[in-house]
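My notes follow in the order I took them.

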Amino acid sequence: MPFTRESRRNEQNMGGDAENMFDDNEIPRDSSEGNPKAPLDLPIFDFEEDQGCQERQHQAPPPPGPTPTPNDYDNDNDTSEFYSNIQDIRIAQQFIDVLKNAELDNGDLSAETLAALMDPPRHSLELDPVNDSDNDLLMCLRLFLNACNSANKYNEAISAIQQRFGDNNILSYDQLKRRIAQLTGISPIVRDMCIKSCLAYTGPFSDDLQCQRCSEPRFDPITSKPRQEFYTIPIGPAIQAFKRNYQTASDMNYFWSQATKLLAEQQEKGVVELIDDITCGTDILKAINQGEIGKHDTVLMVSFDGAQIYRNKQSDCWFYVWIILCFSPELRYTKRYVIPGGIMPGPFKIKIVESYLVVGLHHVAAINKAGGLKVWDASRQEMVTSKLYIALATADGPGMVYLNGLVGHSGKYGCRLWCGLSGRHKPGAPMYYPVLSKPDHYTVPGCDHDDIPVHIVRPINRTHYEHSLKLVINARTQREYEIQRRETGICKPSIFSGLPHGTYLGIPNMFPGDIMHLILNLADLLLGLWRGKLDCARTSDTIAAWPWAVLQGDVWNIHGQDVARCTPYLPGSFDRPPRNPAEKINSGYKAWEYLLYIFGLAPGLLYGVLPMPFWCSFCKMVAGVRFIYQRRIQATTQLVAAHTYLIECVAEFEALYVQRRADRIHFVRPIIHTLTHLPTEILRIGPGIVSSQWTMERQIGSLTSEIKQDSNPYANLSRRTVERAEVICLKAIFPQLDQLSNNQIKFPRGAKDVSDGYTLLRAVDTCARPMSNAEADAFYHYLANDNLCGPDNIPNNFKPSVIRWSRLRLPQKYGGQIARSLWKESLKPLERSRIARRVKAMTSEEIKKLDHAALMDSGNLAYKKIFDELQYFRYLQLQLLMSNLA
């Protein structure tokens, strides 16, 4: 099982909302206003008015002399002639220029692949069941898929078929692989890389014979072959494959149809009320209004992350995937729609990521500079041109610094989304923390600014970012660069700035936060505090003086047992339940376990254990994060409530835990600051779940589980990644190959479809059985109150017989969950059960009392909730019942 970054809980950098950089003097400093101990009467979403391009006043001196001609990183027609004196910046600029000069004919695609890309077939591919050759090809493709891409299994299958039926027109494994590449257009780009993963031999390193970082030779001295290679899968052919099938092409129309509806709603009401996808984000709607995203364009999200393949040895490997945002959320994150973009083998850490990413981004830039990708749209039966628009680029904390070019969470301006919050550090320590309240008797130069109000939120100012970037680029000496880097929070320009203008959301707009690692980092911080495991300044502080450090000794063990005992009460649809943290906290505790544990069970289990002020503050955090994690969220009610809870939680966190002590400022990790950004990020780019790393982590786990050759895992994994892309495109082109197609709803044996996506599942009674008196009475009241059946139509001593069903599968819009009943669940021992029969409802009378707005607000507690458990399910045809009663 791969040891992914999901389990590295020491990643403390989480993003939030991207905002304008500001100087300490730009925020009104009122010690009483910024003091978390003061009563919280804070305005909601207090956006400061944008003052235009206000020049930041840095402590560092400006670059002496006239400023050289700067790069306009948003202008695809401008190629930089000025390179920085700083090596890291100069390398980034060189790769940016590679993208600016990208053309289809100066890439790495073969002539055959390039010809197919520029002139795709003008028809959908269909296999004729009457045609023998098509039937043979379909059989070979099915054998290939069933053999799980194994050459041995495939060859054994065709050998058995040939032995029985003679020599048919069956393709060999190599022939079939070439045919699949021809059908799908998937042709990986293979480039050389350093054996120690330092860099790839692309761009300015293309002609090097040894690594510029470690001096390892590029080629094997005996065989003259490259010592290590990496694979990149161009996204263009995959998009063409999706568009050639009528169903997937129709599914890809979702983005534009939703966006046009939301634009109309925004123009009419001034706000999008229900935020349920990226199309609801203000940045996305603005890009559409400005013409950057068109009707036929393909909107993409690239997700980047790394994994340690083997737990007990160094085995780093990096991946990135393409998520096509044109599909609906129900489709786009599933395995059959996520396209692998590239794999960067280890086992060592990558040093120059731009040298790897440039290959895939060059392909995107070249297509857009050529006017767009030509695709046959089967849903419209016409050839269209589709621009590839990269809306978001996501990663975890350590991975994001490779993409956005910022300093990371330990810097003075360490917010991953460049909000401009100036951090503070301990005397003599290098790491900064986003502490809002100035500690008592604190005089560290450059960090002793006044309290920062927690509720201040600023919009993004790209012009200000570009100005600050120029200051960093124009640094003439290493010392000057280090000062500018510290005072701006920028290390270098992002490689994405080399893409053509209007083909990406902008920098830093396109780099969102990640609510998956938010859970990991919050859990690590909170448990570290409550267990007394965080670093303590022994000379001035003691853990015994921490009133919140209650989860120790027997209390911690009992708490862990309580968590484990909750497992039977979490339905199977909740997936993996949290294990006993007292025993398993250091054994690969997963993000999903932390989510259920900390933000599901902990508020109840810690009541009476944590001191009340700390428990109340924690509950505010839980309430806010629960809102943030919703798939759909109301902008004017739930989002405002989440913002209120989170800013109060952040202010109280410093007041309760830090208490203005300089020796405790390390409690305020970047993840605490991130909480203040989450609501505004939802307004900007949609729900956090849309851009989270859950999909990337799942892809890494799925791909690494397919490794079959541990002697050479990276080559094997690279091959598997390419085959994954081929299979996805094959199933898109030929839906009959996909047994899990959306059009093929499979029912288990004995199941009964009751329409609208509901399905009754066995066990089922073999014959009708009489109801109990209580059941018959409840059934009588239901029928008596129904409009189609009144009390006059029901005979006296009504006690019908029914056939009971034990389970009900819900529609896919509710996640396809399976509801169970007491009838069969009660037969299992509690410790072996995952109870799924509890229901929450409200009566029809109370529904009538509520207006639509109150119903839509799940945070509204005005109606009476009824909690009960299902006894069993039954299927009732009311018209047939009435005729029988008559």
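**Entry 1: helix α23**

I started at helix α23, residues 678-685, and found it mostly covered, with seven of its eight residues buried. Buried here means under 20% relative accessible area, exposed means over 50%, and partly exposed is in between, using a 1.4 Å probe and protein chains only. Helices are DSSP runs of H or I with at least four residues, strands are runs of E with at least two, and both are numbered from the N terminus. I wrote down the buried ones: Leu678, Pro679, Thr680, Glu681, Ile682, Arg684 and Ile685. Gly686 follows α23 and has a positive phi, near 95°.

**Entry 2: what kind of model this is**

I noted that this is a predicted model, where local features need pLDDT of at least 70, side-chain atom pairs count only at pLDDT 80 or more, and totals for chains, interfaces and linings use all residues. Residues are numbered from 1 along each chain as its sequence is written, and side-chain values use heavy atoms, with hydrogens and water left out.

I then checked pLDDT, the predictor's confidence in each residue from 0 to 100. The protein averages 84, and 85% of the residues score at least 70. Over residues 848-863 pLDDT stays under 50, and the model has 15 contacts for them beyond four places in sequence. Residues 880-886 are also below 50, with nine contacts beyond near neighbours in sequence. A contact means heavy atoms within 4.5 Å. Where pLDDT is low, the predicted coordinates should not be read in detail.

**Entry 3: strand β8 and its partners**

Next I looked up strand β8, residues 339-344, which is mostly covered: six of its six residues are buried. Which strands pair with β8? Strand β4 (residues 229-232) does, in the antiparallel sense over two bridges, and strand β7 (residues 316-324) does too, antiparallel over five bridges. Two strands count as paired if DSSP finds at least two bridges between them. Gly342 of β8 stands opposite Thr232, and Gly342 is also the bridge partner of Tyr320.

**Entry 4: the sheet from β16 to β21**

I moved on to an open sheet of four strands, in the order β16-β17-β20-β21, with antiparallel pairing. Its edge strands are β16 and β21 (818-819), each pairing on one side only. Strand β16 (residues 752-753) meets strand β17 (residues 759-764) over two bridges. I found Lys752 opposite Leu760 and Asp753 opposite Thr759. The β16-β17 hairpin has five residues between the strands, and Ser755 takes a positive phi there, near 75°. On to strand β20 (residues 805-809): β17 pairs with it over four bridges, and Leu761 has Arg807 as its bridge partner.

**Entry 5: aromatic pairs**

How many aromatic pairs does the structure hold? I get 26. Rings of Phe, Tyr and Trp (its six-membered ring) pair if their centres lie within 6.5 Å; planes under 30 degrees apart are stacked, over 60 edge-to-face, and the rest tilted. Trp318 and Tyr402 make an edge-to-face pair, 5.6 Å centre to centre with 85° between the planes. That pair links distant parts of the chain, as Trp318 is in strand β7 and Tyr402 in helix α13 (residues 397-404), 84 residues apart. Trp318 counts as buried because its relative accessibility is 2%; Tyr402 is buried too, at 14%.

I also looked at Tyr589 and Tyr597: the ring centres are 6.5 Å apart and the planes are at 80°, so the pair is edge-to-face. Both Tyr589 and Tyr597 are buried. Ring pairs also join Trp546, Trp548, Phe614, Phe653, Tyr657 and Phe667 into a cluster.

**Entry 6: charges over rings**

A charge sits over a ring if NZ of Lys or CZ of Arg is within 6 Å of the ring centre and within 35 degrees of the ring normal. I noted Lys313 over the face of Tyr310, at 4.7 Å from the ring centre. The charged end of Arg874 sits over the ring of Phe779, 4.2 Å from its centre.

**Entry 7: Gly532**

Last, I looked up Gly532, in the loop between α16 (515-530) and α17 (553-565). Is Gly532 buried or exposed? Buried, because its relative accessibility is 10%. Leaving out residues up to four places away in sequence, Gly532 touches Ile543, Trp546 and Ala549. From Gly532 to Gln552 I have 20 residues in sequence and 7.7 Å in space, C-alpha to C-alpha.
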